[in-house]
Amino acid sequence: MSPLGPPSPRLCAPSAPNSLARGGASAFVALLLATPCAVYAAPSVAPDAGTAWLWGGLLVGTLLGVALSLALARTRRVPPVVSEAPGEGRFRRFFDKNSSVMLLIEPGSGRILDANEAAAHYYGYPRAELTALSINAINTLPPSAVAAERERALQEERNYFNFRHRLASGEVRDVEVYATPIIAEQGQPLLFSIIHDITARLRAEGALNAERLRLGNIIQATRVGTWEWNVQSGAMVINERWAGICGYAPEELAPVDVTTFERCTHPDDLRVVQALLERHFSGELDHYSTEVRMRHKDGHWVWVHTRGQLIERDAQGRPLRMAGTHADISERKAVEARLKLAAGVFTHAREAIIITDPLGTILEVNDAFSTITGYPREEAIGNNPRLLKSGRHDESFYRELWHDLQHKGHWYGEVWNRRKDGTLYPELLTISGVRDEQGQIQHYIALFSDISLQKEQQRQLEHIAHYDALTGMANRVLLSDRMHQAMSQARRREQLVAVAYLDLDGFKQINDQYGHEVGDQLLVSLAAQMHAVLREGDTIARLGGDEFVAVLIDITESTQSVPILARLLESVAQPITHAGLQLKVSASIGVTFYPQGDEEVDADLLLRQADQAMYQAKLAGRNRYHLFDAEQDRYVRGHHESLERIAQALRAGEFVLYYQPKVNMRTGAVVGSEALIRWQHPEKGLLAPGEFLPVVEEHPLAVELGEWVLNEALNQLERWGEMGLQLPVSVNISARHLQQVDFMQGLRNLLAAHPGVSPRKLELEVLETSALEDLAQVSSLIEACGELGVRFALDDFGTGYSSLTYLKRLQADQLKIDQSFVRNMLDDPEDLAILEGVLGLSSAFRRQALAEGVESVEHGRLLLQLGCELAQGYGIARPMPAKEMPDWVRSWQPDPVWRSQPTFSRDDLPLLYAGVEHRAWVRELAGYLRGERIEPPPLASSLCRFGYWLSGPMRARYAGQAAFAQIEQLHRRVHHEGERLVALQRNGQGEEAAQAMVTLQGLRDQLLAELEKLAPQG
């Protein structure tokens, strides 16, 4: 044995080491399993815990030992170990003289048997002292860490271990250990290890990684996208922010190349990019920089500042690689656009604009200021707005204005000012303070417009809206307002209001005999005479034709109205001379009083009571007044005729049927008609069902009337059939009639008496609430009618329970949606929701739905958008006599808007709710301004449901459409105007607020018009 270590070892190697070199790292694993060397044999004595790591790695050592020669050749240019066993001298020279740190270790004990000079120098021990140590004294890792490193080396298929060794000085260094088992000449297994110090390399790598992380954090913090471009191949590398600017995840764009950028870039901007790149590649520009529009994933354009520079050219100077950044500048562009818009607004606005300093000195004005006031810009700058003062406002007005500016920062209202030529004009003025970051006023901005024309138009419109065009008297609108004021005043003062309904006697004969021109002149003269006999504070209004209403206030007892009523009768009875004609009429007056004890009475009911009393005055002989008996009315209210009189009318044939068409609004088909009973009263004229049916509701007469209606409807079906008109007719059946035990037999008898009528032409309508009173009976009746061919419909559907159970049991063919929901759906979101729910039920249960109460084109349009095509109502046709139906059916055409109106999908239904919601919002605000609500609706644009739709579902679905931005702007303007009106109301300027509702309604209509553009087009 050598004095420096064990006998010269021989290396155990595979028969074909070059194949290992060719096979690479993966071949090591195969070698591990194939090498039949003695090193696989376990030592005769099991290793203790301190050296267990070494034996545990023995198999790996076999693998790595063969790689030693390759590692030496690669890292230290040492010739690879050959398969033959080297001689002792040869190995010793290799071992001692090598500059690499080398150790020979006994596997069982871990003792260092030999170390070369490079090892002694590296570890700082004399060579003899180093060979007396165990490897455990140098290796600082615990056994568990050694085992983990061994497993990692196996998994990663590498031929070295990473350990930490302690030097004699106590310093710990990071090392790579290339270890291989070898066999000494005596057959003793040894571990031959080569150690490389990698501390500096790891520190450099750590510093590099830290720098990379720092740069990555900086890029991420600046929210900048980065890109690298291989100019020759077109391949690009982008970061996550580059893709995120356009709304993508990086994997959605993979593989990324220059065409990715080209596809996303606006064509106009792409041409600019190409021109700039050519100039940069040629050296004309030292870098590339421009602003482009890039298509976002959701369809809108994003403004991006893209910049970059070539970082590599080839030997011929051709561009190879380029790198740069992308920055989202959409917000900056929006700010620039707003600034440009603001400058344009200032210059071109039709409203005058004044900018002053905090003391009121004018700093700037626009052209509109000079146009309105007559003062040129040069004359206004440096002056004070007081040069416009008209003198029509006192000092307190300006004190309050200045107080609001100082405490609220703004003021809004109407002001009278004076032009340079001395003329006065009204203006609508807004003054706002502009504050700095510390909250101090820096400037005031005043905007005003000349509203002289609007004032005059407003005066004319108010007169037209509130006064009768012929007589100059108050009309229905003003009458309603005066009645409400009088009723409120009476309650406060504990007084009475007399409402006198006046109808001229004999006026029709004069009109027929002398013509309408003479009749009109008579009305004008009588109006003047009646007005002259009333007191100041009393009101007289013309309802239309020869009907008038007088409202008498400040009455403590009903008898105080008698002298005034007498004067009215006398004024009307005075002869009127016109064009040589002496005209004479009289008046019948009905009078009622308010309040009426504890009973709730509104203005409409007062008018009906006075109308009834006037009718009694006519029956009593005319040219007189009659006082309404409130006590008797409470006893017989709703019963205009006795049961005996109704029975007499039935026997006398005074009842008639009118027919209201049912149509398909989209196709124009007339699908049926509803038979509606009317009473052709000899004195009162044509009476609606509400005037007499409630009287007989719980009386056998209800059954007789029902039988008459059924028989008359079948007669009419026969007559229409002979004329070639095949039009189904539906008949309303009362609850009492339906509950008759012989109802089905009576129906069979009626059908048998009309053999020319197909039972399918007859449809029975029963109120939903009536059907639910005896569900089992009605269900069996529906089935029995179906066997006859007679169809059934549930009328006023939605007013009862409308439950799934009832729909399942009541097999009605048609559901008629109650008109109360249809009538109010345009401005009541709750009614619209009920309507949508009813339509959903009808669809789910495969029932035909028909909407009642269609009063306008807009009602029909909204129904079609919801998917309801069948309807009836005054907007289509009023009930008409049977003889008028054939011509109406031949000539009727649906509104063109209905024909082209598409049905909305469920995804588009929020558009309908948005429109209705905002109509409701404006209606509620108007109610607040009229004093009908204690609080206004939510004023902030973000708090209303429409605002929620704008920022959520609507934005997600419609943000790409051009109209959407206009809708957002109009929505904010509507709410801003609403806030202004509420401020006026709270400041005691309720009249101005009510007048300004016209502006709010105009903005609302603009908003709804823009909203309409988002709707699907037919």
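This is a predicted model: local features need pLDDT of at least 70, side-chain atom pairs count only at pLDDT 80 or more; totals for chains, interfaces and linings use all residues.
**Exercise 1.** Which ring does arginine 392 lie over, and at what distance from the ring centre?

*Solution.* Start with the criterion: a charge sits over a ring if NZ of Lys or CZ of Arg is within 6 Å of the ring centre and within 35 degrees of the ring normal. Arginine 392 lies over the face of tryptophan 416, 4.1 Å from the ring centre. Then there's lysine 333, over the face of tryptophan 303 at 4.3 Å from the ring centre.

Residues are numbered from 1 along each chain as its sequence is written, and side-chain values use heavy atoms, with hydrogens and water left out.

**Exercise 2.** Work out how the rings of phenylalanine 95 and phenylalanine 192 are arranged.

*Solution.* Rings of Phe, Tyr and Trp (its six-membered ring) pair if their centres lie within 6.5 Å; planes under 30 degrees apart are stacked, over 60 edge-to-face, the rest tilted. The structure holds 15 aromatic pairs. In this one, the centres are 6.3 Å apart and the planes sit at 45 degrees, so call it tilted. Next, burial (under 20% relative accessible area, 1.4 Å probe, protein chains only): phenylalanine 95 is buried at 0%, and phenylalanine 192 is buried at 2%.

**Exercise 3.** Stacked or edge-to-face: what is the pair of phenylalanine 161 and phenylalanine 163?

*Solution.* Take the centres: 5.7 Å apart. With 10 degrees between the planes, the pair is stacked. Both phenylalanine 161 and phenylalanine 163 are buried, too.

Conventions. Buried means under 20% relative accessible area, exposed over 50%, partly exposed in between (1.4 Å probe, protein chains only).
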